[in-house]
Amino acid sequence: MRFVSLFLNNRLTIAPEHLVDDPGLKPVPFSELPFTKPPPLNTSFVFDESLQQILHGKLLLLDELPFSIETLHEHYENGFIDYQVGVSRTKYGHNCGRCGNEKDRLFASFSCYRCKSETCTYCRNCIMMGRVSQCTPLLSWTGPKVQWSGENKLEWDGKLSSGQNVASQRFVEQVGLDGELLIWAVCGAGKTEVLFKGIEKALQLGLRVCIATPRTDVVLELAPRLKKVFPHTMIASYYGGSEERELPAQLVISTTHQLYRFKQAFNIMVVDEVDAFPYSYDTTLQHAVSRAVTPDHFLLYLSATPSRLMKKAVKNRKLSCVKIPRRFHGYPLPVPKMVWSGEWKKRLERGELPTPFVNWIREQAKSGRRAMIFVPSVSILKKVTEIIRGMVEVPIDCVHAEDPIRKEKVEQFRAGEIQLLVSTTILERGVTVPFLDVAVFGADHNVFSESALVQISGRAGRSKDDPNGQVIYFHYGKSLEMVRAIKHIKEMNKEDNS
Ligand SMILES: [Zn+2]
Ligand SMILES: [Zn+2]
């Protein structure tokens, strides 16, 4: 859309081209407007409450707001909305006002019907959330804040393990203060319950809380659990395709990508499973987190496998940390076994699997226990699955990231309708199934990093009825990452005894 700048009530202001009937004004793409101060707040203006609820704490495109441009601009004129440039030109190139991208290769130009420019530049980095270009403004709410109701009681009568309790206390103490804390909890420690009391305190103080996680699966799993224990709280989940975006929610569960839609919204941000964050190279994610929080805020990181940089920050006392080395049920983590299985790549080319692996599969099929078999790449996924299918008579299937029925297959696996599930590393986290053993086929491959192997191993033994699942790394030469993963698991178990 094009905008014009004009003098109105002795003030330089801006307006969408079609709302001003003056052929003498030159319409330009939004990013080319001169700088103007937003109009002051007119407290006698009767604002639209549904607009306030949708836009408060957000940064949205015009297309994302189910209101006419007339309504939106009227709110701007009265100081309730601000416009911000979508894509702006910088000294070295461009900057995306939504995701913070500044990489040249992640911008492109197109012939734009909205601003009638042949070269309207847009951001490719956040394109999956709708196009932000030089002519698209981003809108935020500058009117009064949404007031949350005080009814936010936690309704949960579960009990925390002693490790969970220590971490929960630390979080509760920090609620209402600034700062950051890492909760380093082994896979299966029950980290969600650790959040309950801190979230309750925050909600009751009228603070707004977000739990951000890299994966949609986790959003889908967490949202119903939190809705159950906070039945009186407005809770919304945000992921690609979610339908709760228009809810004025005090507690938000979001994928890290969807954080781009928020601006100064949250007093408390829980960053789940982002092992490298905030010491990673993913600057756009840091940008999203830092913009989504209010100037005073508390950041809580949850991880089973913090990155080396993060561990270093803990060691140097730059980052406070509380560990939960023990699983919820009190049993230690199963320690992986390494099994040499020769040149698995060559074998596979001949349509065969290594003998130790074949023997294990046969035993597994006979035992009736479920197993997840991780393979290093999609390219060998089908082949491995087909060969196993020819060997044993039990139900077997495979999943990968792009699999359209991945969710259904995981459900079938949970329900016991699939006994052997072959997967790429996509299922290294999150899936919790009792009576499960785990194998890594080609564990020496470089996709299997220390943290991936620790996460994969963490799938086994999660239930108190079956705390000792097997974990086997089938390999053609131990990798450093395999050795590190096993050391990591043993150290957590040792800490547990001390
Ligand atoms: Zn962007
Ligand atoms: Zn344009």
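Modeller: Two strands pair if DSSP finds at least two bridges between them, and strands (E, at least two residues) and helices (H or I, at least four) are DSSP runs numbered from the N terminus. This is a predicted model, in which local features need pLDDT of at least 70 and side-chain atom pairs count only at pLDDT 80 or more, while totals for chains, interfaces and linings use all residues. Residues are numbered from 1 along each chain as its sequence is written, and chains are lettered from A and ligands numbered from 1 in the order in which they are written.

Colleague: How many bridges join strand β1 to β2?

Modeller: Strand β1, residues 2–8, is joined to β2 by 6 bridges, and the two strands run antiparallel. To find one of these places, look at Phe3, whose bridge partner in β2 is Pro16.

Colleague: In what order do the strands of that open sheet stand?

Modeller: The order is β2-β1-β3, an open sheet of 3 strands with antiparallel pairing. Its edge strands, β2 (11–16) and β3 (28–29), each pair on one side only.

Colleague: Where is a hairpin to be found, and which residue in its turn has a positive phi?

Modeller: Strands β8 and β9 form a hairpin with 4 residues between them, and Lys116 in the turn has a positive phi of about 60 degrees. The antiparallel strands β8 (residues 107–112) and β9 (residues 117–123) are joined by 5 bridges, and Cys112 has Ser117 as its bridge partner in β9.

Colleague: Which open sheet has parallel pairing?

Modeller: That is the open sheet of 7 strands, in the order β13-β14-β12-β15-β16-β11-β17. At its edges are β13 (235–238) and β17 (320–324), each of which pairs on one side only, and from one strand to the next the twist averages 20 degrees. Within this sheet, 6 bridges join β11 (residues 179–185) to β16 (residues 293–303), and these strands run parallel; Leu181 stands opposite Leu300 in β16.

Colleague: At what angle do helices α3 and α4 pack?

Modeller: Angles run from 0 to 180 degrees between N-to-C directions, with axes fitted to C-alpha atoms, for helices over the stretch in contact. Helix α3 (residues 162–174) and helix α4 (residues 191–204) pack at about 25 degrees, with their axes 8 Å apart. That makes α3 roughly parallel to α4 (angles under 35 degrees count as such). Residues in contact, those with C-beta atoms, placed from the backbone, within 7 Å, include Phe171 of α3 and Leu195 of α4.

Colleague: How is the chain divided into domains?

Modeller: Domain bounds come from an automatic or database domain assignment, which gives domain 1 (2–141), domain 2 (162–324) and domain 3 (337–487). The centres of domain 1 and domain 3, taken over C-alpha atoms, are separated by 50 Å.

Technical notes
Parallel < 35°, antiparallel > 145°, perpendicular 65-115°, else oblique. Contact = placed C-beta atoms within 7 Å.
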